[in-house]
Amino acid sequence: MSASIIFRKVFTKRKIKELYFSSIRYKSTSGIDKINRKVFEKNIDENIDIIYRKIKNGSYKFSPYREKLILRGSQKFPRVVSIPTIRDKLTLRALFEVLYHIYGSSSPFIHQIINEISLTLRVNLFDGVLRLDVKDFYPSINHEKLRRQIIKRIRKPEILQCIDNAIRQPTVQVSKRNENNRINKGVPQGLSISNILANIYFSQIDKKYSDKSNIRYFRYVDDILILGKCNELEMIRGEIENDCNNIDLKIHRDNTEKSTLCSIIDGFMYLGYEFKNQKVSVRKKSIDHLRESIIKLFTNYKYSNHQNIKHLKWTIDLRITGCIFNDTKYGWLFFFSQINDIQLLKSLDQFINKLIIRFNINPSEISFKKFTRSFHEITKNISNTSYIPKFDKYNISEKRRILRDIFEIKKSLMNSSNIEYLFNKMIYKTVKDLEKDLARIS
């Protein structure tokens, strides 16, 4: 199907409205204009009409993005995330739909990557592993070179202009909202189209090295992993560095953790996983992060003026099991479901038992779910399990019970017309907390 046909199917008033209620409504953080969800929805038909009309005639203009800083530790600069206005977020989501139908998934599936690495290691054809990290990947993307890649598949001016306008908008502090200096390099991080544009930009390099028969090549965003023969990998490193230089990207040479060449026998880490001697586990930092988040939940309960034991059980259980919401799997264990380190799962169950004693929780009053059982259900019985919460399948009475018992929303504030909204809103917040455990996997 051509880009023009896809564009016409996605950018209809009906489809745009569907995208708002399915993908934007519960993630509608205000942008630089400070317009919130309630204000936007009061004028939703007018907003959709503006998107539809201006995208069609090529006059749609994005507002500057609001700057949000994500801390990455005391030794690193914060990551700058760009927050669009709600109207722009909706426009970008529709644009993502167009790009997705043309190019496919914006990123390879992590589980597929990890599974292929494990299978490659079992075959035992290689003795070396090369890890490379692209320095300042998103901020370094050359707009003109990106456009040259895009026009190989997309010629429709309205799509090209929309992409161009989106990536040239600056990201500013709220106090400097009137600054509107268009940027000439880089793709803002945090937009729904950011990952897919980055993959388009890197696609020729991906194809070149994926086609080589003497190595196995993997990339996730800015992290590259190559399995091969030790005596060949140094030459491969130089070749990739040259290819990246040709598209204005640089490979870290001074980062000993991310840009390394070593023997497979010594073990290595990738995307939060740890590989050594056929064992696939989780790197220590990711385990520690999970443990800290669980301790924090127990601590908050202990020092709360109003201790809600049902809320504690619900939040701890979700940390253990994860959940399925909007047909998407969330949580630490879902992410690390490719491990074969059962001993780790047993140690995490023991860790929970120790916290129960430490925080004086009565075991007869409450029992938490198990990492070992959850892992089995996720990997062996996910389609039939009732052990893992599947919020998409909850009925109205179940949603009402969660709102009442867990989030303590008064009955007077719940009615048949707003239960769905309140439930989805609270679950989105919960899911956001689960994802914090995976904030930086690499």
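Residues are numbered from 1 along each chain as its sequence is written. In this predicted model, local features need pLDDT of at least 70 and side-chain atom pairs count only at pLDDT 80 or more, while totals for chains, interfaces and linings use all residues, and side-chain values use heavy atoms, with hydrogens and water left out.

**Salt bridges**

Let's start with the charged pairs. A search of the whole structure finds 23 salt bridges, each being a side-chain nitrogen of Lys or Arg within 4 Å of a carboxyl oxygen of Asp or Glu. Here are three of them.

| Pair | Closest N to O |
|---|---|
| Aspartate 49 and arginine 53 | 3.7 Å |
| Glutamate 420 and lysine 399 | 2.6 Å |

Aspartate 49 and arginine 53 sit 4 residues apart in helix α4 (residues 44-57), about one turn of the helix. Helices here are DSSP runs (H or I, at least four residues), numbered from the N terminus. Aspartate 49 is partly exposed at 26% relative accessibility, and arginine 53 is partly exposed at 40%. For these labels, buried means under 20% relative accessible area, exposed over 50%, and partly exposed in between (1.4 Å probe, protein chains only).

Arginine 168 and aspartate 164 are likewise 4 residues apart, about one helical turn, in helix α9 (residues 157-168). Here arginine 168 is buried at 19%, while aspartate 164 is partly exposed at 22%.

What does the pair of glutamate 420 and lysine 399 tie together? Glutamate 420 lies in helix α18 and lysine 399 in helix α17 (residues 396-405), so the bridge links parts that are 21 residues apart in sequence. Lysine 399 is buried at 6%, and glutamate 420 is partly exposed at 33%.

**A positive patch**

Lys38, Lys42, Lys425 and Lys429 form a positive patch, made of residues with over 30% relative accessible area and no salt bridge, like charges being joined within 9 Å. Both α3 (37-42) and α18 (419-436) give two or more residues to this patch. Lysine 425, in helix α18, is partly exposed at 33%.

**Cysteines**

The structure holds 0 disulfides, a disulfide being a pair of cysteine sulfur atoms within 2.5 Å. For cysteine 230, the nearest cysteine sulfur is that of cysteine 262, 7.8 Å away; cysteine 230 is partly exposed at 31%. Cysteine 244 is buried, with a relative accessible area of 0%.

Note on methods. Patch = residues over 30% accessible without salt bridge, like charges linked within 9 Å, V, L, I, M, F, W, Y side chains within 5 Å. Areas by Shrake-Rupley, 256 points an atom, 1.4 Å probe, with all protein chains shown as cover. Lys, Arg positive; Asp, Glu negative; His and termini not counted. Charge placed at Lys NZ, Arg CZ, Asp CG, Glu CD.
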